[in-house]
Amino acid sequence: MAQTKSLCAIVPLDLHQRVTAEKDAAGMTTNEYMTKLLIEYFNMKENGGNNTMANGSRTMAFTISEELFRRIKAHLDRESARTGKRLTQREFVLGLIEAALNEAESQSTEDSQTQDQEEQQEIPAEEAQPA
């Protein structure tokens, strides 16, 4: 077992409450949670700010308008009612991203194939003249 040493810090009460709530939700002791948090922080720093998780996934976060957020929530509620299965924000956004990428990649492949066909159909002038 690795050697350990105590690390204490005085933090604002709201931060303490947030850390405690997250720690409890994760079912971890304070020692386990703070160790995990500090390891993740230093790993992220070493990776140039990129937070690659243990399973190879990455976090993508962005801000949207309140109006768009409400529209998304209303859509999720309608879809959940229609299908009888709860559709999460994560599932919805990932589905949109994957669909858009699939379409863009498919279009890119079609464009490359069309360009290859056009290049094959063009015969240079010296090859077209009989020898």
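Reader: Why is Lys23 called buried in this model?

Author: In this predicted model, Lys23 has a relative accessible area of 13%. The term buried applies under 20%, so Lys23 is classed as buried.

Reader: Where is Lys23 found, and which residues does Lys23 touch, leaving aside those up to four places away in sequence?

Author: Lys23 lies in helix H1. With those close in sequence set aside, the residues that Lys23 touches are Met28, Thr29, Thr30 and Tyr33.

Reader: What makes H1 and H2 roughly perpendicular to each other?

Author: The axes of helix H1 (residues 13-26) and helix H2 (residues 30-46) cross at roughly 105° and come within 10 Å. Angles of 65 to 115 degrees count as roughly perpendicular, and the two helices are therefore described in that way. On the H1 side the contact is made by Val19, Glu22 and Lys23, and on the H2 side by Thr30, Tyr33 and Met34. By type, these residues divide into three nonpolar, one polar and two charged.

Reader: How do you know that the length of H1 is close to the expected one?

Author: H1 has 14 residues, for which 20 Å is expected at 1.5 Å a residue. From its first C-alpha to its last, H1 reaches 20 Å. Just after H1 comes Gly27, with a positive phi of about 70°.

Reader: How do you know that the span of helix H3 agrees with its number of residues?

Author: Helix H3 (residues 66-83) has 18 residues, which at 1.5 Å a residue should span 26 Å. The end C-alpha atoms of H3 are 26 Å apart, so the two values agree. Just after H3, Gly84 takes a positive phi of about 75°.

Reader: Which residues of H3 are buried, and what puts them on the same side of H3?

Author: The buried residues of H3 are Ile72, Leu76, Glu79 and Ser80. They cover an arc of only 100° around the axis, and therefore lie on the same side of H3. An α-helix has 3.6 residues a turn, so residues three or four places apart point the same way. Helix H4 (89-121) is included in what covers the buried residues of H3.

Reader: Which residues are exposed on the other side of H3?

Author: On that other side, Arg70, Arg71, Asp77, Arg78, Ala81 and Arg82 are exposed; the term requires over 50% relative accessible area.

Reader: How many helices and strands are there in the protein, and what percentage of its residues count as buried?

Author: The protein has five helices and zero strands, and its pattern along the sequence is α-α-α-α-α. Of its 131 residues, 5% count as buried. Among contacts with a separation of 6 or more, 6% are between residues 24 or more positions apart.

How values were computed: Residues numbered from 1 in each chain as written. Predicted model: local features only at pLDDT ≥ 70, side-chain atom pairs only at ≥ 80, totals over all residues. Heavy atoms only, no water. Helix = DSSP H or I, 4+ residues; strand = E, 2+ residues; numbered from the N terminus. Expected span 1.5 Å × (residues − 1). Buried < 20%, exposed > 50% of the residue type's maximum accessible area, 1.4 Å probe, protein only. Arc of directions from axis to C-beta. Contact = heavy atoms within 4.5 Å. Axes fitted to C-alpha atoms, helices over the stretch in contact; angles between N-to-C directions. Parallel < 35°, antiparallel > 145°, perpendicular 65-115°, else oblique. Nonpolar A, V, L, I, M, F, W, Y, C, P; charged D, E, K, R; others polar.
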